[in-house]
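Here is a short briefing for a first look at this model.

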Amino acid sequence: MSLSLIARTISASPTLRLNEKAAILREKGDPVIHLGGGEPKSMAPMDAIMASVNSLNTGEVRYAPADGILPLKKAIIRYTEEFYNRHVMPENVIASGGAKQAIMVAMQAILNPQDEILYPAPFWVSYPEMAKLCGAIGVPVLPEDGSFYPRISDFEQRISGQTKAIIINSPNNPTGAMYSKEFIADIVKFCEKKDLYLIMDDIYHRLVFDGKKPISCYDFTRESVDKSKLIVINGVSKQYAMTGFRIGWAVANKKIIEAMANIQGHQTSGPSVVLQKAAVGALNGIQSSVENLRVTLENNRNIMLDLLDSFDGVKVTKPDGTFYCFADFSAYEKDSNKLSNFLIDKVQVLTVPGKEFGLDGHLRLSYCGSIKDITEGIERIKWALDPNAPNELYIGDRKLTRDWL
Ligand SMILES: Cc1ncc(COP(=O)(O)O)c(C=O)c1O
């Protein structure tokens with residue numbers, strides 16, 4: 001079969017693949033613990049559910065403008081005022097099928113084949129593949145000091161005549177690192193000086209810990225939105241636990257938004273109007289669920305860190321936000337694919353290999369599940385790797401005997 005060049009170069013999303021693997025194993029009756037997940041387990045806000053039900057009840061669910069319905073744009077404008085201290089117009093906003101589509105159409109609107117887009121490594125798995133979908137080249141920027149916090153000098157070293165854009169995700173998937181105000185200020189100025197687009201993937205910006213607050217990139221530019229090359233991405237998936245609703249958005253100058261809307265119009269005609277109304281419900285409704293989720297995640301993070309602390313060989317950088325911890329297991333096994341497969345085979349714990357995010361030797365462990373799953377999952381991993389652990393482990397009434405250490 002002759003598939004296109006693009007089809008042959010794009011790999012399946014490893015995180016989606018792992019979700020499928022967990023579902024298949026569970027169906028078989030295996031007691032799988034999924035520490036690879038990328039979605040909160042809480043309910044969607046009631047305001048979102050009611051808004052979508054009311055929309056469905058009308059029985060008239062039609063095409064809508066490709067760049068989003070006005071009530072959603074208004075809710076996003078209000079959100080932008082509250083969290084970014086910036087007044088924007090409906091022409092500066094597009095609603096998409098998740099933040100993922102918003103990022104994809106933004107890249108399609110700004111990148112030519114062979115253009116380069118830079119992002120800090122470790123990086124979200126979709127950035128390189130999205131760049132490839134544009135015929136462009138994703139360039140990971142690994143901080144030279146070995147930390148998860150890049151510096152401008154790291155970008156200066158990787159920038160070339162081909163560089164067109166930078167994408168920043170803070171707090172970061174997979175590390176949980178939230179970049180400082182100083183770094184955000186510097187990267188905004190750096191991009192303005194070099195005339196680069198800057199995509200801020202802020203999908204986790206309210207899920208931050210230890211008293212941290214979301215940072216607005218607009219605080220560091222003197223440009224008006226319509227002069228600026230800043231593209232701000234956000235959505236309801238993570239903060240409102242609405243991953244399945246598939247609503248995200250971008251805020252940017254109206255020329256970029258118009259180009260994105262043209263592209264999206266031919267791709268999908270925009271997201272479902274029912275789900276856009278759900279997003280309006282979430283954004284305009286009672287906000288307590290976001291804070292409840294944030295507090296739960298902070299507590300889960302602390303539990304996971306305490307458990308990982310008891311591993312002699314594991315190195316962990318305390319996550320500032322998100323629901324991921326990117327732990328260094330290289331003392332046990334340098335090949336993260338091998339380690340991840342080993343853990344699922346031996347103790348049925350699903351983790352995501354660091355290699356998928358551009359840094360081998362690490363595993364991404366999610367703490368968005370239950371405390372029971374976090375505790376039991378890390379205990380199983382410890383049992384599998386720690387030569388001092390007892391030889392036997394019970395998972396329910398199954399007795400496992402360790403014969404590999
Ligand atoms: C860094 C990052 N950006 C964007 C997305 C996409 O979110 P959405 O569900 O809104 O498409 C994700 C989802 O995992 C993510 O981790």
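The axes of helix 3 (residues 46-57) and helix 10 (residues 273-284) come within 7 Å, crossing at roughly 145°. The crossing of helix 3 past helix 10 is right-handed. This is a predicted model.

**The helix pair**
- Helix 3 brings Asp47, Ala48, Met50, Ala51, Ser52, Ser55 and Leu56 to the contact.
- Helix 10 brings Val273, Val274, Leu275, Lys277, Ala278, Ala279, Val280, Gly281 and Ala282.
- By type, the residues of this contact are 11 nonpolar, three polar and two charged.

**The largest nonpolar core**
- This core has 121 residues.
- Ala106, Ile166, Leu198, Ala250 and Ala279 touch the most other members.
- Helix 5 (residues 98-110) gives the largest share, nine residues.
- The core lies between domain 1 (5-43 + 288-401) and domain 2 (46-284), because both give residues to it.
- In soluble globular proteins, nonpolar side chains tend to be buried together.

**Around Leu198**
- Leaving aside residues up to four places away in sequence, Leu198 touches Ile166, Ile168, Ile187, Val188, Cys191, Lys229 and Leu230.
- Of these, Ile166 is also among the core members that touch the most others.

**Helix 6 and what follows**
- Ser126, Tyr127, Pro128, Met130 and Ala131 are buried in helix 6 (residues 126-133).
- These buried residues pack against helix 5, strand 3 (116-120), strand 4 (137-141) and strand 5 (163-169).
- After helix 6 comes Gly135, with a positive phi near 75°.

Notes:
Residues numbered from 1 in each chain as written. Predicted model: local features only at pLDDT ≥ 70, side-chain atom pairs only at ≥ 80, totals over all residues. Core = buried A, V, L, I, M, F, W, Y, C linked by C-beta atoms within 7 Å. Buried ≥ 20, exposed ≤ 12 C-beta atoms within 10 Å, placed from the backbone. Helix = DSSP H or I, 4+ residues; strand = E, 2+ residues; numbered from the N terminus. Domains from an automatic or database assignment. Contact = placed C-beta atoms within 7 Å. Axes fitted to C-alpha atoms, helices over the stretch in contact; angles between N-to-C directions. Left-handed = near helix turned anticlockwise from the far one by under 90°. Nonpolar A, V, L, I, M, F, W, Y, C, P; charged D, E, K, R; others polar.
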